[in-house]
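I opened my notebook to see how two chains meet. Here is what I looked up, step by step.

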Amino acid sequence: MPETNAIEMRGITKRYPRVLANDRVDLDVREGEIHAIVGENGAGKSTLMKVLYGLVPPDAGEVRLEGKPLVRHRPADAIRAGVGMVHQHFMLVDTLTVAENVILGEEPTRGVVIDAAAARERVETLSGEYGFELDPDELIENLSVGLEQRVEIVKVLYRGARILILDEPTGVLTPQEVRELFGILRALRESGRTIVFITHKLDEVIELADRVTVMRDGRVTGIVDAAQTTKEELAKMMVGRYVLLRVTKEEGSPGDTVLSVSGLSAAGRKGTEVLRDVDIEIRSGEVLGVAGVQGNGQTELVEIITGLRRASSGRVTLNGADITNRSPRHIRDLGVAHIPEDRQARGLVLDFTIAENLVLGRQHREPFSRLGRLCLDEMNDHAARLIEEHDLRPADPATEAANLSGGNQQKLIVAREFDCEPALLVASQPTRGVDIGAVEFVHTSLLSMRDAGAAVLLVSAELSEIMTLSDRIAVMYRGAIVATFDGDAVGEEELGLHMTGAGAGRSESQAAPPRAAGAPQRGRAGS
Amino acid sequence: MDRWTRYAGVLSPIVAVAAAFLVGGLVVTAIGESPFRVYAILFRGAFGSVDGFGLVLFNACPLIFTGLAVAFAFRAGLFNIGGEGQLYIGSFLCAWAGLGLAGVPWWIAVPVLIAVSAVGGALWASVPGMLKARFGVHEVINTIMMNFIAIGLTSYLVINIFKEPAQMTPQTAEIASGHLPRLAGALQAVGIPMPSANPLNASILIALAAVWVAWFILYRTTFGYEVRAVGLNQDAAESAGINVRRTIVLAMITSGAFAGLVATNEVMGFRHRFLDNFSSGIGFMGIAVALLGKNTPLGVLFAALLFGVLNAGALEVDVFTDVPRELILVLQAVTIILVVVGNEIFVRRIAAREARAALADTQAEEAA
C-alpha cells in the first residue's frame, strides 16, 4: 500500500543559545491521521512545530509537505502549502463577531466592500459541516473558551488548511469541551484532513491519536501506534525511567479547623464581583481541592487568603485568628505557606541564587537575619540541607534559579514552603508545566504534608490531580462555590458539569454566559 | 559557566573602553593630530605627576557618590535621574548648616554636616519615592522635575537670601566650621609630594567608605536583600511578604543620601561654600558611571576613576594640543554606548558558549 505522508521532516536540528532544541529529528505524519507529539517541557515539541509552520528556520534539515519541499521557512509559505496552526493562546479580536474574526486578513470582497453575507455563509457552512455549532454573528467576547477555540479552528479551515497543528489544545477546556473537541477532530479526520496535536496529557493521546511520536531532550525517543501502547510506556519514553503516574493516598485523619473562610466576596477591576460569598473550611490533616475552569475566582480566593488582594466583605481566620486583609508578611508569619500558580512570576527571584531563594519570605527572621544583617553561613547551611533533602539539581547553593529546570524550580519552591512547617499550605496549580517525573514528587510531598498535620488548600485546573489528592472537593464557578463533594464520591464527569455551572446537565455547547455580570446584552455587530 | 559570566561582567566594560579609545583616536586623526600624542598627553596629565593623580581622585570623588546613588536605586528597579537635584539640596543644606556652626569644634561640625548633606539628598529623593510607592507615578519623570525645582530653588536662595555680601559671585559666605582637610599636608608628611594647591580632600575617604557601605547594605543586610528582591521581581517579593512600597521609598532615600554626600567634596572639602550652579551635571554623569560600573559598588568606583582620569587629562589635552577638550566628552559618551552594546554581545556569546558546553556534556554522558 503506497502511503502518502502529509508531513515529512528529516534531520531537523535547531539550536538556541542555551539548548539544542531539536537534534536531528525525523517526523512522519500520514495523510488523514491524528498524530500526537508528546514530551516533557523543553523536549522540543513546540520548536519542531514552529519549524513546521515556518515560524523558525531550522539550522539543518528538510520539511516536505505532501511531498513538496518547503523551501522558504515562512508562515506564509507553510499556509500556502496547506498548514494551519491553532495556537495555545487564541488570537481573536474580542469586539468583532465570529464571522469577522474568521475572515480577518482574508476578507471576501465585492468591489472594495467586504462581502459580509458571503463571509457569514462560509462560516456557517464550515461550522455545520463539522459540528462546530457557532453563530457567525456572535461577538467573541460572549463566547466560552471552548467556543473561541473552535473559532480558531474555523479560521484555519477557512484559509484552506489540510494539515492542522494544535498546540496543547485541551489545557484550557473542561472535560465536556474536551470531548466535543475530540469529536470535531475526528470529523476533520474523516474528511481527510491531517491533524498534529501537541500535548503532555497521556490519557488524551491514548484516546484520540492514531500514532504517537515521543520526544525527549530534543530527540525522538519513540514512534508508536496509540492502540498498541500504554500510558506507562509513553511516560517511560518521555522521562527515560519508570514513573509512578498516580500516587496512592492513605485515609486522612483530620483534626481541628485550621482555615475558615466565610461570606468572602471581592470586587474585580471593573467593579464586577470576582468572588461571591465563598465559604470554606479546612481541617488539619486534610486536603481541600478546589476545581474549576481557570478564571472563575480561584486565583482571587488564593490571593485573599495569602494577603495579596483585599476582600470587600467576609472573614478569613487561621486557627481562630482573623487574617482578613492582613499583610502577606503577617499571614506568612502565622504559618501560611504558599506555592503560587506562576512560579517564575511570584514564587522565585530568578536572578537570585538557590540559597537566596530558599530564604525568600523568611529573610527577615532568625536565623537568617540578626540585627538587620543577613547571616550568609546560615543561609548556605540551610540551602545545603534542603538541596540534599529534596535532591535539587544542580546541588550548588550559588546557582541562580534561572538556570534550573522547571521541575527543579518547583522543587525549590516546594522545599522552601514546606520547610517552615506551615499550619496551612496553599498550593496553586502546583504541577502546572512540571514534568511528569516531578509531578510524582510534588504529589507525594503534598500528601506527606497533610499527613504531618497541615491543612492543604489545593487549587488546580487538572481534574485528575484534584481527584487523586483531595479529601474533599469544592467546585468554583463564576466566583462562587457551586458544589462540594467528598473526595471519592464524585467522578470527573460530574465535576466537569459543575465547573461549567451546569450541575443540572445543561450542555455547555450553548454560547457561554456573558463574562461581565453587568453587561448581559448579547452582541450583534452591525454588518 | 558561571565563571564566564562573571568575567564578562568585568571584561565587557574594559573592551568597551578600549574600543572607545579607538574611536576617539579616529576622531583625533580626522582633526589632524596624532592620536598617540594626544593619548600620551592625556595619560601624562592623569598619571604623570602626583598633582595630576590628585586631580583624578578629586574629579572621581563626586562621581562615586552620584554613581552609587544611581546604582543603588537601580538595584531596587528604580531609575533615579534625580541625583543632580539631590546633590544640590544636600549641598545647599550643608552650606546653610555650616554657616550657623560658628564656634563649633570640627569633630562635632564635620559629622553633623555629613549627616545634613545625606539627609538633604535623602529628603529630596523621598518625594519621587513616595509618589512612586503611593500612586505608581514613574520616578524618572518626577526625579527630573525635582531636579529643576532643586536647581531653581537653590539658585533663588543663594542669589536673593544667602548671597555673600559685597560679592558679585552668586555664592554663600564661607561655612564657619566643618571644613574637610585637604590631603596634601598629610601626604607630604608621609613623603608623597602632593602640591599644597591640589584640591584633593578627605571627602575621597568618605567616598571610599560609601562604596563599602553601599556594598554592605546591598549584599549583607536584610534590607539590601529585600531591595534586590523588589528590583528583580516585585511580585515574588510581595508574595514573600516584603513590603514593596516601603522598600521602594527606603531605597530612594538611601539613593538620595549617596547623592547628597557630594556636598562633602564640593562644600566641606573644596569651596567651603555653596556656589550657584556649581555641579554642571555631576548627577547626570552618575548615570553613566553606574552604567559603566554595571550598577555594582566596586564597578562604580572604577568607572568614576576612569572618568576622573579623562577629566583630569582633558585639561592637559586642551592646553598642549589642537584637540578641543570636548573630545573627552565624546570619548565618555562613546564608551557608554559601547558598554551597552558590548554587554549585549557578550551576553549572547556566553549563552552560545554555554549551549555548546551543555551539548558536549550530554554527548559525553551518552558516550559513557
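**Where the chains meet**

I began with one pair: Glu356(A) and Arg228(B) form a salt bridge, and their closest N and O atoms are 2.9 Å apart. I kept in mind that this is a predicted model.

Next I asked how many salt bridges the rule finds across the interface of chain B and chain A. It finds three. I then looked up polar contacts, and the count between chain B and chain A is 17 residue pairs, both residues being at pLDDT 80 or more.

I wanted to know which helices of chain B are involved. Helix H8 (203-220), helix H9 (222-232), helix H10 (234-239) and helix H15 (326-367) each supply at least two residues of the side of chain B that touches chain A. By class, I noted 12 nonpolar, five polar and eight charged residues on that side of chain B.

I looked up the extent of the contact: 32 residues come from chain A and 25 residues from chain B. Between them the two chains bury about 2,600 Å², with 52% of it on carbon and sulfur atoms.

**A patch on the surface**

Last, I turned to the surface of chain B. Val23(B), Val27(B), Ile31(B) and Val330(B) form a nonpolar patch there, with about 260 Å² of accessible area together. Helix H1 (residues 2-31) of chain B gives the patch its largest share, three residues. I checked Val23(B) and found it in helix H1 of chain B.

Key: Residues numbered from 1 in each chain as written. Chains lettered and ligands numbered in written order. Predicted model: local features only at pLDDT ≥ 70, side-chain atom pairs only at ≥ 80, totals over all residues. Heavy atoms only, no water. Contact = heavy atoms within 4.5 Å. Buried area = accessible area lost by both parts, 1.4 Å probe. Salt bridge = Lys/Arg side-chain N within 4 Å of Asp/Glu carboxyl O. Polar contact = N/O pair within 3.5 Å; in protein donor to acceptor, adjacent residues only side chain to side chain. Helix = DSSP H or I, 4+ residues; strand = E, 2+ residues; numbered from the N terminus. Nonpolar A, V, L, I, M, F, W, Y, C, P; charged D, E, K, R; others polar. Patch = residues over 30% accessible without salt bridge, like charges linked within 9 Å, V, L, I, M, F, W, Y side chains within 5 Å. Areas by Shrake-Rupley, 256 points an atom, 1.4 Å probe, with all protein chains shown as cover.
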